[in-house]
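Open the model in a viewer and keep the sequence panel beside it. The stops below say what to select and what is found there.

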Amino acid sequence: MNYKLDFTPVLDGLPSLLIACLGTFALALGGMVLAIIIGIGGVMLRDSRIAPVRWFIKSFVEVIRNTPFLVQIYFIYFALPLAGLRLDPTPTAIIALGINGGAYAIEIIRGGVQSIGKGQIEAGLALGLHKAQVFRLIVLKPALRAIFPSLTSQFVLLTLTTSIASAISAYELTSVAQQIETSSFRSFEVYGVVTVFYLVISWLMMRFFGMISTRYFSYPVK
Amino acid sequence: MSLFKSILRRSLGALVLAGVAAATLGSAPASAATPEEIKARGKLLVGLLTDYPPFGGTDAQQQPAGYDADVAKLMAKALGVPVELVPVTGPNRIPYLLTNKIDVLIATFGITAERQKQVLFSNPYSSLTIYVLAPKSLNIKTPEDLKPVTISVARASTQDTAISAIAPQGTQLKRFDDDATALQALISGQVQAMGASNTILAQLNKDYPQLNMEPKLTLREQANGMAFRKADTALAEFANKFIADIEKNGELSAVNQRWFGIPLTKLPPMPSF
């Protein structure tokens with residue numbers, strides 16, 4: 001196949017692609033914040049004394065982890081409006097990413113929480129700490145330290161998953177790339193450059209989480 | 001600074017890999033499909049849409065079916081080989097053709113000046129009208145009226161190009177992967193209007209009469225052609241003769257009758273740009 005490379009359309013669209021990277025970061029950041037809230041909240045509720053709450057959290061985790069993200073985002077964007085809840089593409093994408101990431105975060109954080117010895121929790125309670133203080137200081141922080149690498153990988157994956165939001169016309173890197181590709185028909189050049197962009201985004205995310213790890217989780221273990 | 005160097009090093013590495021892949025692509029021999037080669041291979045590979053009934057849809061067995069599929073079968077019959085129908089989408093139609101995944105596109109493919117730079121078109125074998133569709137209650141008389149309206153289109157379609165050209169700055173154009181998804185956005189109320197053809201309008205009024213849809217602006221009368229790689233002139237010539245034959249002998253009219261309920265009137269002329 002005699003294919004002649006032409007990067008002109010990509011170079012012309014470079015400012016648009018760079019701005020679209022900000023859209024990708026915004027979706028990823030919004031999704032991560034929501035995922036952390038759902039993750040921590042879900043772990044606290046997963047062992048609730050109220051049986052329906054426990055069942056709800058377990059069912060939520062199973063449903064989200066065993067259905068494709070595209071189906072989830074389509075459900076929120078296309079099905080919920082029929083029930084009266086209409087959201088624009090960007091909030092839809094953030095909520096879908098948050099829910100999806102949250103389900104995985106619940107399981108990751110739960111693994112970390114279970115690694116904390118029962119004796120430490122009892123010691124905290126014996127010292128007169130409230131249950132909330134015990135959870136925050138004795139359970140959550142050491143657990144987060146243990147699971148931080150797994151959580152980092154999950155959040156990098158979440159960042160790359162933002163590309164699926166182009167299916168509902170959310171503004172991010174892939175949707176802008178598709179726009180350039182469909183007007184220029186230079187698939188190889190466009191997606192070649194976008195691949196590099198995503199590599200850089202992933203690497204920056206890894207560095208960002210590495211800095212957080214160094215700053216907050218590098219204390220010595222006694 | 002070391003952070004920047006590291007990013008640069010990784011990016012350059014990725015670009016080198018991309019370059020190697022491109023060099024491999026570039027050095028591969030040009031693959032021109034001729035009628036003789038297709039006969040020797042023993043099958044015709046046709047790319048067609050499956051999300052755009054009645055031109056391109058699926059039957060009860062989830063096999064491609066519609067006006068385009070019937071034309072593809074007739075073309076394969078004329079070549080004396082079986083046909084393999086390859087589903088494509090609006091955005092990937094041209095890449096499928098240019099990367100030799102198919103021999104020909106029979107995919108409700110509007111003949112435009114931009115596309116003509118990339119592919120070789122046959123004479124038209126079908127036509128349709130592209131509109132901006134919206135509820136009767138919405139006041140749209142000129143392109144300027146589109147500014148406050150949210151419009152859905154199938155990405156890389158002729159309606160996408162046409163609306164992008166006439167819509168004023170700031171018009172919210174939502175691009176989806178195909179017509180089915182763009183239509184779903186309209187039905188679910190995520191958008192107020194849609195760039196679509198007369199076939200979509202007929203389907204909407206049949207299935208969703210409560211939406212009260214009507215054509216607001218006529219964007220273009222579209223002639224659809226088969227598309228070939230630029231090098232495949234022999235196959236394009238065969239297609240032109242084939243289209244003329246099936247128009248003359250009434251087979252194309254029978255296909256039109258089957259899918260649109262009316263006989264074929266007259267095919268549009270080849271657009272000139």
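Predicted model: local features only at pLDDT ≥ 70, side-chain atom pairs only at ≥ 80, totals over all residues.

Select helix H7 (residues 131–161) and helix H9 (residues 187–216) of chain A: their axes come within 9 Å and cross at roughly 165°. Helices (H or I, at least four residues) and strands (E, at least two) are DSSP runs, numbered from the N terminus. Axes are lines fitted to C-alpha atoms, for helices over the stretch in contact, and angles run from 0 to 180 degrees between N-to-C directions. The crossing angle makes H7(A) roughly antiparallel to H9(A), a term for angles over 145 degrees, with under 35 being roughly parallel, 65 to 115 roughly perpendicular and the rest oblique.

Residues are numbered from 1 along each chain as its sequence is written, chains are lettered from A and ligands numbered from 1 in the order in which they are written, and side-chain values use heavy atoms, with hydrogens and water left out.

Show side chains on the two helices next. On the H7(A) side of the contact (heavy atoms within 4.5 Å) are Lys141(A), Phe148(A), Thr152(A), Phe155(A), Val156(A), Thr159(A) and Leu160(A). Facing them in H9(A) are Tyr198(A), Ile201(A), Ser202(A), Met205(A), Met206(A), Phe209(A), Ile212(A), Ser213(A) and Tyr216(A). The residues of this contact divide into 11 nonpolar, four polar and one charged. Here Ala, Val, Leu, Ile, Met, Phe, Trp, Tyr, Cys and Pro count as nonpolar, Asp, Glu, Lys and Arg as charged, and the others, Gly among them, as polar.

Now colour chain A by annotation. The unreviewed UniProt entry places "transmembrane region" on residues 17–45, 66–85, 146–170 and 190–209 of chain A; UniProt positions are given in the numbering used here, feature names are shortened, and annotations may be inferred rather than shown by experiment. Residues 146–170 of chain A are 64% helix and 0% strand, with end C-alpha atoms 35 Å apart. For residues 190–209 of chain A the figures are 100% helix and 0% strand, and the ends lie 29 Å apart.

Of its 222 residues, 47% count as buried, meaning under 20% relative accessible area, with exposed over 50% and partly exposed in between (1.4 Å probe, protein chains only). Among contacts in chain A between residues at least 6 apart in sequence, 77% join residues at least 24 apart.

Move to chain B and select residues 43–263, which the unreviewed UniProt entry annotates as "domain: Solute-binding protein family 3/N-terminal". This span is 35% helix and 29% strand, and its end C-alpha atoms lie 30 Å apart.

Which residues of helix H8 (residues 198–207) of chain B are buried? They include Thr199(B), Ile200(B), Leu201(B) and Leu204(B). Among the elements covering the buried residues of H8(B) are strand E6 (120–135), helix H7 (179–187) and strand E10 (213–228) of chain B.

Go to the loop between strand E5 (104–105) and helix H5 (113–116) of chain B, where Thr112(B) is found. Thr112(B) counts as buried because its relative accessibility is 9%. Leaving aside residues up to four places away in sequence, Thr112(B) touches Phe121(B), Thr158(B), Arg220(B) and Phe273(B). Thr108(B) is in the loop between E5 and H5 of chain B. Its phi is near 45°, a positive value in a residue other than glycine, and Thr108(B) is buried at a relative accessible area of 6%.

Two further backbone stops follow. Pro53(B) and Pro54(B) are joined by a cis peptide bond with omega about 0°; Pro54(B) is in the loop between strand E1 (44–49) and strand E2 (57–58) of chain B. Gln62(B), in the loop between E2 and strand E3 (64–65) of chain B, has a positive phi near 60° and counts as exposed at 57% relative accessibility.

End at Asp160(B), in helix H6 (residues 158–166) of chain B. Asp160(B) is buried, at 4% relative accessibility. Not counting residues up to four places away in sequence, Asp160(B) touches Gln179(A), Val153(B), Ala154(B), Arg155(B), Leu173(B) and Arg175(B).
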